[in-house]
Structures are given as structure tokens and as C-alpha cells.
Amino acid sequence: MTDKILLTGGAGYIGAHTYVALAKAGFTPVILDNFSNADHDTPARLAQLTGKACLCHECDLLDQKALDDVFKAHDFAAVVHFAAYKAVGDSVARPQAYFNNNMGGLINLLGAMENHGVTRIVFSSSATVYGDSPVQPIPETAPLSATNPYGLSKLVGEQMLGQMQVAHPEWAISILRYFNPVGLHKSGLLRLSPENTTQPPENLMPRLLEVAHGTRKQLSVFGNDYDTPDGTGMRDYIHVEDLARGHVLALEALINTDQSHTVNLGTGRGYSVLEMIEAFAKACGRPIPYEMVPRRAGDVARCYADVTHAKEVLGFETKYGLAEMCADSWVE
Ligand code: UFG
């Protein structure tokens with residue numbers, strides 16, 4: 001069987017880390033990316049990191065002809081579908097763009113898979129599909145809901161895949177629900193240049209970096225009146241290297257068993273914003289000034305993963321703790 005794996009959005013943050021993990025595991029990853037939120041020199045850096053030329057197609061999933069040409073050029077064992085817009089606040093301001101890009105891209109990808117007989121797909125989903133879950137840690141069986149257009153695009157993506165499975169029982173589909181990815185490959189080579197970031201950083205870790213670099217005066221802590229030990233929001237941060245390894249295990253499970261699965265990728269442990277500030281300040285050796293501001297609309301108090309199923313189905317366990325996640329996020 002071919003060992004080529006198509007990575008849509010493979011030049012992006014999680015895609016590039018997964019590229020390295022897949023190459024290390026003996027697969028041949030092939031990137032398809034429109035570089036809307038990626039560096040053009042990422043393929044060269046991936047070649048440097050893996051010691052092999054990087055196969056990369058600059059292509060937009062919405063361009064059906066170009067997509068078909070990529071599928072004609074390679075025989076893929078599976079697809080890992082990362083390519084999507086991902087900023088919650090941005091999605092509230094531009095819902096149509098998110099539906100068009102995230103749902104439209106998936107629709108075209110599924111069509112290309114059908115036309116070219118590719119039957120395995122790993123889908124980048126998100127813990128956002130759990131909405132404001134009263135059950136913590138959250139098992140995969142928890143009720144699903146969407147509270148913003150980005151979340152809806154992920155939820156509908158999962159549902160589309162469910163219907164593809166009904167029509168094609170032979171397909172093997174992996175739905176990976178990411179919690180909060182942070183960190184960077186230890187080489188530092190996979191850091192996205194701020195000037196190439198088209199989506200403004202809304203997440204905690206990039207903002208902590210901005211404060212440490214002095215480009216942001218202080219961190220605004222969104223709410224200190226949540227029902228958590230210190231009142232600030234708690235999340236399940238997972239090192240991107242652990243996350244990348246989760247994709248390798250998911251692909252191996254699809255290829256070896258041809259069985260579908262839905263799993264959480266998290267550590268199972270929640271940290272508050274104040275704990276993150278403290279850990280990051282320690283990692284970068286600089287103070288992180290902050291101020292308390294009102295809650296951000298749409299935020300939940302807690303969100304962390306029940307990791308039992310990921311261990312059972314994939315044998316997945318995380319290796320990295322908070323100190324390493326912060327140390328590996330810090331770039332001078
Ligand atoms: N936070 C701050 N200040 C900031 C940024 C974030 O206090 O400047 C807080 C948030 O209120 C939250 C925590 O830090 O308590 C983490 O916030 P992020 O924006 O980093 O992450 P979210 O948990 O809100 O969202 C992330 C992804 C979503 C995904 C979701 C799944 O960005 O795409 O996790 O749980 F849907």
C-alpha cells in the first residue's frame with residue numbers, strides 16, 4: 001500500500017508538526033495548503049527537519065480542478081484534513097466566510113476522495129463541539145452543541161462525515177477533538193512569523209508571547225468570577241508535539257483496523273489563566289503584567305478532556321506537562 005498521506009493545511013501550525021511526526025513514523029506526507037495562514041518557507045524548513053524533500057501543492061480546497069489534479073498526481077492511503085479558519089471571534093464577525101471555507105472545503109475534499117477511491121480521513125475537530133459542558137472532564141459521548149460559526153462548522157463537519165460513513169460503510173473516519181494546543185517543535189523552526197498571520201491572535205498563548213516581547217502592554221484576563229478555584233477560566237492545554245503524535249496513532253488505527261473512531265486529544269488536566277501566566281513567566285524569565293477585565297462573550301468556565309477513550313482506542317497518552325509546554329512556546 002502507498003504510504004502517502006495528504007495533509008490539507010499541512011503548512012499550518014498543527015499540520016506542520018504532524019508532518020514531522022508522520023515523516024518520523026515512516027509515512028510520506030504531502031502538503032496541500034493555500035498559505036492563507038502559513039509561511040511560504042515552511043516546506044523548506046520541513047525538508048530541513050526531516051532530511052527529505054517536502055512534497056507540497058499550493059492549492060485552495062475551494063478550487064475543485066486544482067484539488068482534483070493533486071489527487072491525480074498521488075495515490076493517497078489517507079487524508080488528514082486540517083485546513084480551516086479557526087478564530088472564534090473572527091467567525092462571529094464573518095460567519096459566511098467560515099461556512100464557505102470550512103464546510104465548502106470539506107465538501108470538495110470529500111468529493112475528491114470519492115472520485116479517487118480514498119477511503120480514510122482524519123478530521124481536525126475541536127472541543128468547541130461540547131459547548132458549555134456541565135460534565136468535566138468531558139467524555140466523547142457528551143451532548144454536542146455550537147455556540148459560534150466556527151464551532152458550527154466543526155459540528156457540521158463531524159455530521160457530514162457521519163453521513164459519508166452511512167453511504168460508505170467501508171470508509172474509516174477519525175474525528176479528533178482537540179483541546180487547547182500550545183508549544184512548538186523544539187527546533188523553533190515551525191514558528192509562524194507574526195507578519196504571515198492573517199488571523200489576529202485571540203488565544204492565550206500567543207498573547208502571553210506578545211506581552212513577554214513587549215508588543216502588548218499587559219494580558220487582559222477575561223473574567224475572575226468563574227466557578228473555578230481562582231475564578232479564572234480553566235482549559236486543557238496540550239503540547240502540539242503530543243497532538244501531532246495523536247494523529248500518527250489515529251492514522252495507524254485507521255490503516256490497521258479500518259474502523260472509525262471519535263476521540264478527545266487533551267491531557268485530562270485543566271489549568272487556570274493565572275496558572276498559565278505564572279508558568280509562562282517562569283519559562284520566559286520575564287514578568288507578565290496582567291489586568292482583570294470582564295468575561296469574554298462565549299467563554300466557558302472549564303473545558304478539559306476525559307482521556308480514557310483515547311487511551312483505549314489509540315493507546316494515546318500525553319508526554320509533556322505544563323512547564324515544557326510553556327518552555328517550548330517561548331521564542332526570544
Ligand atoms: N484568555 C484570557 N485572555 C486572553 C486570551 C484568553 O484570559 O487574552 C483566557 C480565556 O478566557 C480562556 C483561556 O484563556 O479562559 C483560553 O482561551 P483561548 O482563547 O486560548 O482558548 P479557548 O479555550 O477559548 O478556545 C480554544 C480554541 C478554539 C477551540 C476551543 C476548544 O481557540 O478554537 O479552544 O475548547 F474551539
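Tutor: The axes of helix α3 (residues 64-73) and helix α5 (residues 95-116) come within 10 Å and cross at roughly 40°, and α3 and α5 are therefore oblique to each other. Axes here are lines fitted to C-alpha atoms, for helices over the stretch in contact, with angles running from 0 to 180 degrees between N-to-C directions; angles under 35 degrees count as roughly parallel, over 145 as roughly antiparallel, 65 to 115 as roughly perpendicular and the rest as oblique. Helices (H or I, at least four residues) and strands (E, at least two) are DSSP runs, numbered from the N terminus. This is a predicted model, in which local features need pLDDT of at least 70 and side-chain atom pairs count only at pLDDT 80 or more, while totals for chains, interfaces and linings use all residues. Residues are numbered from 1 along each chain as its sequence is written, and side-chain values use heavy atoms, with hydrogens and water left out.

On the α3 side, Gln64, Leu67, Asp68, Phe71 and Lys72 meet Asn108, Leu109, Ala112, Met113 and His116 of α5, where contact means heavy atoms within 4.5 Å. These residues divide into five nonpolar, three polar and two charged; Ala, Val, Leu, Ile, Met, Phe, Trp, Tyr, Cys and Pro count as nonpolar, Asp, Glu, Lys and Arg as charged, and the others, Gly among them, as polar.

Helix α1 (residues 13-24) and helix α8 (residues 240-257) also pack together, with their axes 8 Å apart and at an angle of about 60°, which makes α1 oblique to α8. This crossing, too, is right-handed. Among the residues that make the contact are Tyr13, Ile14 and His17 of α1 and Val240, Leu243 and His247 of α8, and the contact as a whole divides into nine nonpolar residues, three polar and one charged.

Turning to the sheets, an open sheet of seven strands runs in the order β3-β2-β1-β4-β5-β6-β11, with parallel pairing; two strands pair if DSSP finds at least two bridges between them. Its edge strands, β3 (55-58) and β11 (261-265), each pair on one side only, and the twist averages 20° from one strand to the next. Within this sheet, β1 (residues 4-8) and β4 (residues 76-81) pair in the parallel sense over five bridges, and Ile5 stands opposite Ala78 in β4. Helix α6 (residues 149-167) lies across β5 (120-126) and β6 (172-178), running at about 155° to β5.

An open sheet of three strands has the order β12-β9-β14 and mixed pairing, with β12 (271-272) and β14 (302-303) as its edge strands, each pairing on one side only. Strand β9 (residues 234-235) pairs with β14 in the parallel sense over two bridges, and the bridge partner of Arg235 in β14 is Cys303.

Conventions
A crossing is left-handed if the near helix is turned anticlockwise from the far one by less than a right angle, and right-handed if clockwise.
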